[in-house]
Amino acid sequence: MELELTHVDYTTVGLTAANCLQLLPISSRGGGEQSSRNASSSRQQQKVVVGDQDGVLQVFSMKKDELQIHFKTLPHDKIASVKLGGQAGSVADKIFTAAENKVRGFNKKGKMFLAFETNLTENIRSMFVSGSDLLVCGNHVYNHYKDCKEHGSYLCGDAIVDVAGLCPNNTSRLITVLACSGRVLRILEHSRVRQTLELESVPTVLHVPRCLGDRLLCGFADGRVILFHINLSVSEVKQETLIKDTENLSAVTCIGTYDISGDGKDELIIGRRDGTLQVFTMNSDEYQFEMECTQIYRENFNESISCVQGGCVGANNYAEIVVCTYSGRVFGLTTQCISKSLSDSNKRGSVTMAPEASNKLHKLRAEIYELEQAITRERERYQLSTQALSTGLSAIPMLPVNDSMILCQEDATYLLTIELPTPIEHVLLQCDAPINLIDVEKNSAVVSFSECDKMSGNNLLASYRCQSNTNHVDLKFRTVEGQNGTLQVYITPNLQPKCCQLKRYSIKPLSLHMIVHNQTDEMMSRAMNVLLLKGAFSQAEMHNWLINSIPEIPEKIYGNDRNRLVFRHVFIGTLLICDYGKAEADFRSDNISTISILKDFITKEATKKRIKLEITTNINEQTIPGLIKLIEPKIIHYNKLTKDYQVLQALIDLDIRNDDEFETLSEEYRQLLENQRQIESEFKKQPTILNRIYGILTDLYIDKFKFKGVNVKTKLPQLIELLDNYKLSPEWSVQCIKVFFIQLGPWLHVAYRAVCERSANRPPLDRSTLLDVRLAFLFRSDNRRK
């Protein structure tokens with residue numbers, strides 16, 4: 001089933017944040033849940049509440065296709081959130097806004113009945129209202145107020161992204177859920193953490209379905225939507241992935257649920273950062289598990305979506321989705337079929353319009369004329385103020401940049417999203433660290449590269465020339481661990497006078513590591529290399545050094561003499577355990593390169609502050625076979641993928657046109673042609689993946705012997721030659737690599753080639769063959785000693 005929706009523009013406001021738009025419910029006798037059901041069944045027109053970053057709150061409705069503004073406040077502080085509330089059991093028709101550290105309440109007629117200043121030292125970022133309970137969150141502080149009196153608070157090390165409240169079994173018991181940037185959900189009761197849920201990605205938004213007190217929908221930065229069933233009487237929290245969009249990895253910015261089709265079951269409405277809006281059907285009206293979500297609508301509006309709400313605004317008995325974008329466009333997607341009443345008259349070339357449409361067209365023309373006159377007057381006034389004899393100054397507009405940089409675990413790359421409220425003319429990238437830009441299919445900008453002068457310190461100079469009316473750009477790039485620096489992005493909007501805004505993004509030394517909150521026994525039982533640092537540094541100084549070297553570290557630590565953090569490499573799966581306190585820090589990893597990078601970076605930072613460090617390292621030889629075992633499946637898989645892609649290109653050149661020619665091919669080649677799209681798609685996503693793996697192994701080889709004071713850079717060609725011989729036998733080559741790492745000598749690759757030459761077929765993977773290599777190495781080593 002496909003959902004047909006018609007686009008209807010309502011109004012334009014200032015820039016908006018998430019949770020900035022609400023629909024007032026229809027007041028009816030009975031109140032509470034019963035009134036919401038009546039409103040859903042009768043589908044009467046509702047009023048729209050929207051607040052923007054200019055500090056303006058307004059309520060409007062539609063009457064005979066005309067916008068009716070019921071009230072509009074004067075500009076004030078930036079509105080971060082708009083919520084609806086009311087007494088328990090009654091209609092939630094009270095409007096609450098959060099701006100800076102203040103919460104204001106308005107009734108539906110615009111009268112302010114509450115002006116409450118919280119004791120937060122941070123600006124409010126998210127808010128939730130449930131009866132007399134008010135939940136507000138800054139960057140790190142959560143406060144719970146009941147009847148405007150503080151009921152509890154919680155200090156969080158991670159940045160708080162969103163907050164939601166649950167009332168199990170529709171009781172007065174309140175469970176708070178905090179979505180944190182450290183990829184966790186923290187479940188609180190009485191302002192104390194009852195449970196912590198580790199997530200695979202960063203949560204971006206929380207949504208509580210209506211009339212349910214134990215279900216929670218959560219959107220993520222990687223595009224997924226997960227349903228959680230939270231029951232504190234059971235230690236395990238049930239969860240189910242409703243949407244896993246592999247094609248669209250854009251972050252989820254807003255979630256809504258509403259019965260649009262009128263079948264008695266809610267549809268799931270998803271808004272994304274890249275402007276995509278999706279509607280899914282769910283086969284359960286009570287949000288049970290094992291639901292099948294089917295997409296019935298999808299459209300892209302070319303700018304990030306701040307909020308979506310389901311209701312009835314344009315006309316009675318017609319459900320619609322009200323959408324608000326980042327730039328402030330408010331429009332509806334209605335199920336009403338709006339037809340243009342145009343009929344041809346008897347006269348040739350003339351068109352007769354309906355009276356209502358004709359009046360509306362005249363009004364639109366009058367508004368356009370007034371706007372053109374206002375623009376002309378402002379342009380003339382600006383030109384007079386910037387003349388040489390004038391005392392006026394030319395003002396450069398400072399436009400807010402809606403940006404985010406997210407580490408994608410699937411391919412170990414970074415996705416940088418940049419959005420302006422006005423069209424972007426071009427974007428210039430400058431970086432002093434080696435990064436590789438990757439093509440993004442949905443990016444229509446034209447990229448060009450410039451040669452970099454090594455003496456200038458630049459490793460990347462690139463520019464993206466955007467198409468007209470483009471205010472959203474996605475950039476994807478790959479980093480190299482051990483190479484840190486700063487990515488500078490110069491954004492030029494299509495405005496007069498010409499100006500440019502600069503954004504800086506830090507490329508950290510261990511940029512491909514992500515934090516792990518729950519460790520398994522298998523992870524902790526691995527062999528580890530140890531780095532022990534002692535010196536006159538404080539815990540805060542060491543924490544600050546780690547923040548500058550590893551992503552996803554909480555900005556603050558509270559009340560612990562020692563702090564423990566565990567990280568995992570997103571590409572190869574190695575671990576890093578950090579245990580540090582005052583004057584001592586202990587780092588453990590099963591990757592020697594990670595220890596080497598961290599040692600070099602912290603030593604450099606300590607030297608800047610003239611802090612003397614006592615460094616102790618313990619390199620465990622058993623970690624090398626363990627790392628090769630982790631990376632071995634990737635080597636074999638991508639080596640086979642590269643070989644299949646090369647053979648496939650040769651088969652395509654044969655230009656096979658009929659079944660008879662196809663049947664003459666072997667079974668292996670026929671399967672390659674049948675899987676052509678899959679092979680080409682996977683190869684284009686990672687065209688240089690083998691070089692990346694080879695780089696990890698060569699760095700490991702160098703770092704291992706660097707701790708022993710031996711320079712082995714001259715032996716890298718031998719290791720690379722050994723890696724290139726995977727075409728003969730991947731499994732056998734892995735064993736040779738292990739020997740190469742364990743024993744330092746230039747003769748292993750010679751013995752390897754000798755064994756391969758003696759064998760007419762591929763070298764067998766057995767102990768005798770491997771023993772031949774070891775004996776050849778030992779024999780040559782003994783001759784050298786003599």
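Is Glu 378 buried, partly exposed or exposed, and what is its relative accessible area?

What we have here is a predicted model, where local features need pLDDT of at least 70 and side-chain atom pairs count only at pLDDT 80 or more, while totals for chains, interfaces and linings use all residues. Residues are numbered from 1 along each chain as its sequence is written, and side-chain values use heavy atoms, with hydrogens and water left out.

Back to the opening question. Glu 378 is partly exposed, with a relative accessible area of 44%. For these classes, buried means under 20% relative accessible area, exposed means over 50%, and partly exposed is in between, with a 1.4 Å probe and protein chains only. Glu 378 forms a salt bridge with Arg 381, at 2.6 Å from N to O. By salt bridge I mean a side-chain nitrogen of Lys or Arg within 4 Å of a carboxyl oxygen of Asp or Glu. Arg 381 counts as exposed, at 55% relative accessibility. Both residues sit in helix α2 (residues 355–385), three residues apart, about one turn of the helix. Helices here are DSSP runs of H or I with at least four residues, strands are runs of E with at least two, and both are numbered from the N terminus.

Now the overall picture. The chain has 14 helices and 45 strands. Of its 786 residues, 50% count as buried. Among contacts in the chain with a separation of 6 or more, 57% come from residues 24 or more positions apart; a contact means heavy atoms within 4.5 Å.

Let's stay with charges. Side chains of opposite charge can pair when their charged atoms come close. The count of salt bridges comes to 27. One of them joins Glu 303 and Arg 329, with the closest N and O atoms 2.9 Å apart. Glu 303 lies in the loop between β25 (294–300) and β26 (305–311), and Arg 329 lies in strand β28 (residues 329–334), so this pair ties together parts that are 26 residues apart in sequence. Glu 303 is buried, at 5% relative accessible area, whereas Arg 329 is partly exposed, at 27%.

Another salt bridge brings together Asp 411 and Lys 476, again described from N to O, at 2.9 Å. Asp 411 is in the loop between β31 (402–408) and β32 (413–419), and Lys 476 is in strand β37 (residues 472–478), so to speak a link between distant parts of the chain, 65 residues apart. Both Asp 411 and Lys 476 are buried. There is also a network: Arg 173, Glu 189 and Arg 194 are joined by salt bridges that share partners.

On to the strands. Strands β16 (residues 184–189) and β17 (residues 192–198) run antiparallel and are joined by six bridges; two strands pair if DSSP finds at least two bridges between them. Leu 188 has Val 193 in β17 as its bridge partner. The two strands form a hairpin with two residues between them, and His 190 in the turn has a positive phi of about 55°.

Arg 183 counts as buried, at 1% relative accessibility. Its C-alpha atom is separated by 8.6 Å from that of Glu 552, 369 residues apart along the chain.

Next, an open sheet of four strands, ordered β22-β23-β24-β25 with antiparallel pairing. β22 (252–258) and β25 stand at the edges with a single partner strand each, so one side of each is left without a neighbour in the sheet. Inside the sheet, β23 (residues 267–272) and β24 (residues 276–281) pair over five bridges, and Leu 268 has Phe 280 in β24 as its bridge partner.

Last stop, a helix pair. Helices α6 (residues 623–653) and α8 (residues 667–674) pack at about 90°, with axes 10 Å apart; axes are lines fitted to C-alpha atoms over the stretch in contact, and angles run from 0 to 180 degrees between N-to-C directions. The contact involves Asp 644, Val 647, Leu 648 and Leu 651 of α6, and Tyr 669, Leu 672 and Leu 673 of α8.

Thanks, all, and I'm happy to go back to any of these in the viewer.
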